[in-house]
Amino acid sequence: MTLEQLRIFVAVAERQHVTQAARALNLAQSAVSHAITALEARHDTKLFDRVGRHIELTEAGRVFLAEARAVLARAEAAELALSELGSLKRGTLSVQASQTIASYWLPRHLVAFRRTYPQIQIRLAIGNTAQVAAAVESGAAELGFVEGAVENEHFASTPVARDQLIVVVGPEHPWVSRARLASGDLTESDWVLREPGSGTRSAFEDALARLGIAPGALRIQLELPSNEAVRAAVEAGLGATAISASVAAPSIEAGLLHQAAFQLPEREFHVLRHRERYLSRAADALLALVGGARPHGLGPA
């Protein structure tokens, strides 16, 4: 049974006339008659009675008409849904982002996206960089925003912004009065750091490695799972931390934190997508908005 057969049956049933149905469908009368005959023969059920020069629905035909109309209505709804998804009039976009990005960089872009495409629902989940990468790998997120590149042959990774890591301490820390810190000074302080797997922790450890400092050489007192917790611990006087300048800015302005005189390199924010998975129009639109338009030749569109 095909949708075309259903359309023909409904047209004939509504008009009680084969010729009029054929004219309305722009089909040959023989094609309409053949479609009805094929339906009746395949299911061994009479759908129409011939009464004089007219046709009438049988009881089976009346029951089938209600079902056929329902199926055609669902098919039309499915066609409309595809059309609206393709034209960004409806849909859902699943995004996952690391904490710094989700809290301090991504929101303004999501607001701009929402204003442009108000019918697209965005599901945003937050995790550390490892969790974001896992979500993109599994397909739980179409796009993942992380701090730094992620090495994975299944990912296309595009830089979308830059961020500055800084070292901050509480107002009573000895480094407040230091005009300059050397790399060797970093081992003199206690440290509060994000958990392993976070982009901030990875970027800081990479910077240490380039300075010839093993991460294990630091006196790490606490590992905490959020930027806010790390910031609060250092504000309370427990050592130093490396944190995004965006995260620390309010506390520095309020005098709760002090930026130590040690230069860390900038890091890049990247957007990840799976090379082998279909990328929706909504995901394409968000990529274009944040400046991470999909490079040509990186997998299915």
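Which helix or strand gives the largest share of the lining of the largest pocket? It's H3, with four residues. Keep in mind that this is a predicted model, where local features need pLDDT of at least 70, side-chain atom pairs count only at pLDDT 80 or more, and totals for chains, interfaces and linings use all residues. Residues are numbered from 1 along each chain as its sequence is written, and side-chain values use heavy atoms, with hydrogens and water left out.

**The pocket**
- The largest pocket has a volume of about 150 Å³.
- A pocket here is an open set of points on a 1 Å grid over the protein atoms alone, where a 1.4 Å probe fits, with protein on both sides within 12 Å along at least five of seven lines; lining residues have an atom within 4 Å of a point.
- Volume is the space filled by probe spheres set on the points, which are joined across faces, edges and corners.
- Among the lining residues are Val18, Lys46 and Ile55.
- Helix H3 (29–43) and strand E1 (48–51) each bring at least two lining residues; both are DSSP runs numbered from the N terminus (helices H or I, at least four residues; strands E, at least two).

**Helix H3**
- H3's 15 residues reach 22 Å from first C-alpha to last, close to the 21 Å expected at 1.5 Å a residue (1.5 Å times one less than the number of residues).
- Val32, Ala35, Ile36, Leu39 and Glu40 are its buried residues (under 20% relative accessible area, 1.4 Å probe, protein chains only).
- Down the axis of H3, these buried residues fall within an arc of 125 degrees, so they line one face of the helix; the arc uses directions from the axis to the C-beta atoms.
- On the other side of H3, Ser30, His34, Ala41 and Arg42 are exposed (over 50%).
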